[in-house]
Amino acid sequence: MHKILIVDDEDAIRVGLREYAEFMGYEVDEAADGMEAVLKCRESDYDVIIMDVMMPKLDGFTACKEIKKIKDIPVLMLSARSEEYDKLFGFETGIDDYVTKPFSPKEVLARINVIISRNGGKTPDGGEGHEIYNFDGLNIDITARTVSVDGEKADLSPKEYDLLFYLVKNKNIALSREKLLTSVWGYDFYGDDRTVDTHIKTLRMNLGAYKERITTLRGVGYRFEG
């Protein structure tokens, strides 16, 4: 059973999300502010966090940064503000998705299902399998979200993990930059092709001798050679 941490200073929002999440088969924990969320993440493990932006003591963006320092947990951000700047700042912070208030619990949980599936887990009504790919000395464990290069663990950013996992799952398939943006960053992401190119560049650096497995397709996009 997957475990969700819901972080919001509004009791009604936490209760509404909790009831629907538990109905869908998730285990749920709560926090009323960013500081409490960081403390809970130090003590427990979660498969995904639903995090509000505007909260007392510690805002959602800052809490997300602090949590990412200790654990790589996917984050879906909630906000009453829909400005493009807030969304871009959130993605730069390392969040996986962004939902603007007001929202329906059904939409939020649908996005949570996508995030968990994207990160190699299983949804409450789905099956489970340990996804591991080996390419010579490159070991990619999607379920555990780990990558090792010749026995040394690679230190990737959350989006670099997501990008590599997507490329590997679709190995030997030509993927356009638009397809990568939509599938890895989300259909409502406001970035452009340079976002993909920048992450591919840093990802290749982290793959060392195996960087050539990510092939550039001129005028199209990229392909992972499996």
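The points below take the sheet, then the helices on the sheet, then the cores and a helix pair.

1. The model is predicted, and the points that follow should be read with that in mind.

2. An open sheet is built from five strands in the order β2-β1-β3-β4-β5, and the pairing is parallel. The edge positions are held by β2 (27-31) and β5 (97-100); each has a single partner strand, so one side of each is left without a neighbour in the sheet. From one strand to the next, the twist averages 20°.

3. The largest nonpolar core has 29 residues, of which L138, I140, V147, L164 and L167 touch the most other members. At least two residues of this core come from each of β6 (132-135), β7 (138-141), β8 (146-149), α6 (158-169), α7 (177-185), α8 (193-207) and β12 (221-224). Helix α6 gives the most, with seven residues.

4. Which residues does V147 touch, not counting residues up to four places away in sequence? The list is L138, N139, I140, E152, K153, A154, L156, Y161, L164, F165 and L207. Among these contacts of V147, L138, I140 and L164 are also named with V147 as residues that touch the most other members of the largest core.

5. There is also a second, separate core, of 22 residues. Its members include L5, A37, Y46 and F61.

6. Helices α7 and α8 pack at an angle of about 80°, with their axes 9 Å apart. Angles of 65 to 115 degrees count as roughly perpendicular, and α7 and α8 are therefore roughly perpendicular to each other. On the α7 side the contact is made by R177, L180, L181 and W185, and on the α8 side by D193, T195, V196, D197 and H199. By class, this contact has four nonpolar, two polar and three charged residues.

Conventions:
Residues are numbered from 1 along each chain as its sequence is written. This is a predicted model: local features need pLDDT of at least 70, side-chain atom pairs count only at pLDDT 80 or more; totals for chains, interfaces and linings use all residues. Side-chain values use heavy atoms; hydrogens and water are left out. A nonpolar core is a set of buried Ala, Val, Leu, Ile, Met, Phe, Trp, Tyr and Cys residues joined through side-chain atoms within 4.5 Å. Buried means under 20% relative accessible area, exposed over 50%, partly exposed in between (1.4 Å probe, protein chains only). Helices (H or I, at least four residues) and strands (E, at least two) are DSSP runs, numbered from the N terminus. Contact means heavy atoms within 4.5 Å. Axes are lines fitted to C-alpha atoms, for helices over the stretch in contact, and angles run from 0 to 180 degrees between N-to-C directions. Angles under 35 degrees count as roughly parallel, over 145 as roughly antiparallel, 65 to 115 as roughly perpendicular and the rest as oblique. Ala, Val, Leu, Ile, Met, Phe, Trp, Tyr, Cys and Pro count as nonpolar, Asp, Glu, Lys and Arg as charged, and the others, Gly among them, as polar. Two strands pair if DSSP finds at least two bridges between them.
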